[in-house]
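Here's a quick briefing to read with the model open beside you. Have a look first, then go through the notes by topic.

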Amino acid sequence: MKETKFTVKHIVAIGIGAAVFFILKRFLVIPTGFPNTDIQTAYPFLALLGVIYGPIVAGLAGFIGHLLGDLTSYGAWWTWITASGILGVLFGLLAYRIPISEGNFGKKEITTFLVGETLANLIVWVVLAPIGDILIYAEAANKVFTQGIIAGLTNSIVTGIIGVILLKAYAQTKTNKGSLTKES
């Protein structure tokens, strides 16, 4: 990702990204059987957004999309809303290691993505969100760490599988750097 200038394209990506994240978070979830903890399909999309547009776009889209999802269901749970924003930022940092705009998404980039998204999911859901719940909402540690472990593992798996598919498909729409030659 070479582009560092924030443009109208980025603002549009935040708006569309937040809307798609909201729809996926609100309407396309799979219950885990543990209270308030679902398998989310929104995070692979957030990873795609992050790798394409970077940390600011993905962070804001994750924060806004999660906020809208919470406000239209059971009310704002700020620690997890913030965690989604932080996760978007971490996914966006992968843009500096994965040259997706150049059409590159081979074994090296897939490995980088899988390691990065897994670490990001585990840090955010297993550590940050539960600690926030304990400090801000005085939640029981065993409950929120169980939720965090379930969310971290399921989000890592879903983001890994669906994220690779989305990123591979996106990379195929781009021209590989150096693949075009001038005809004489």
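Start with Ile-100, which touches Val-51, Ile-52, Phe-105, Leu-167, Tyr-170, Ala-171 and Lys-174, leaving aside residues up to four places away in sequence; contact here means heavy atoms within 4.5 Å. Bear in mind that this is a predicted model, where local features need pLDDT of at least 70 and side-chain atom pairs count only at pLDDT 80 or more, while totals for chains, interfaces and linings use all residues. Numbering runs from 1 along each chain as its sequence is written, and side-chain values use heavy atoms, with hydrogens and water left out.

**The core**
- Ile-100 also turns up in the largest nonpolar core, a set of 33 residues in which Leu-46, Ile-100, Phe-105, Phe-113 and Trp-125 touch the most other members.
- Such a core is made of buried Ala, Val, Leu, Ile, Met, Phe, Trp, Tyr and Cys residues joined through side-chain atoms within 4.5 Å, where buried means under 20% relative accessible area (1.4 Å probe, protein chains only).
- Helices H1 (8-27), H2 (42-53), H3 (55-71), H4 (78-93), H5 (107-137) and H6 (141-171) each supply at least two of its residues; helices are DSSP runs of H or I, at least four residues, and strands are E runs of at least two, numbered from the N terminus.
- H2 gives the most to this core, nine residues.

- H6 bends by about 25 degrees at Gly-163.

**A glycine in H3**
- Gly-65 is found in helix H3, and it's buried, with a relative accessible area of 0%.
- Gly-65 touches Ala-18, Phe-21, Phe-22 and Lys-25, again not counting residues up to four places away in sequence.

Note on methods:
Buried < 20%, exposed > 50% of the residue type's maximum accessible area, 1.4 Å probe, protein only. Bend = angle between axes of the 7 residues up to and from the residue.
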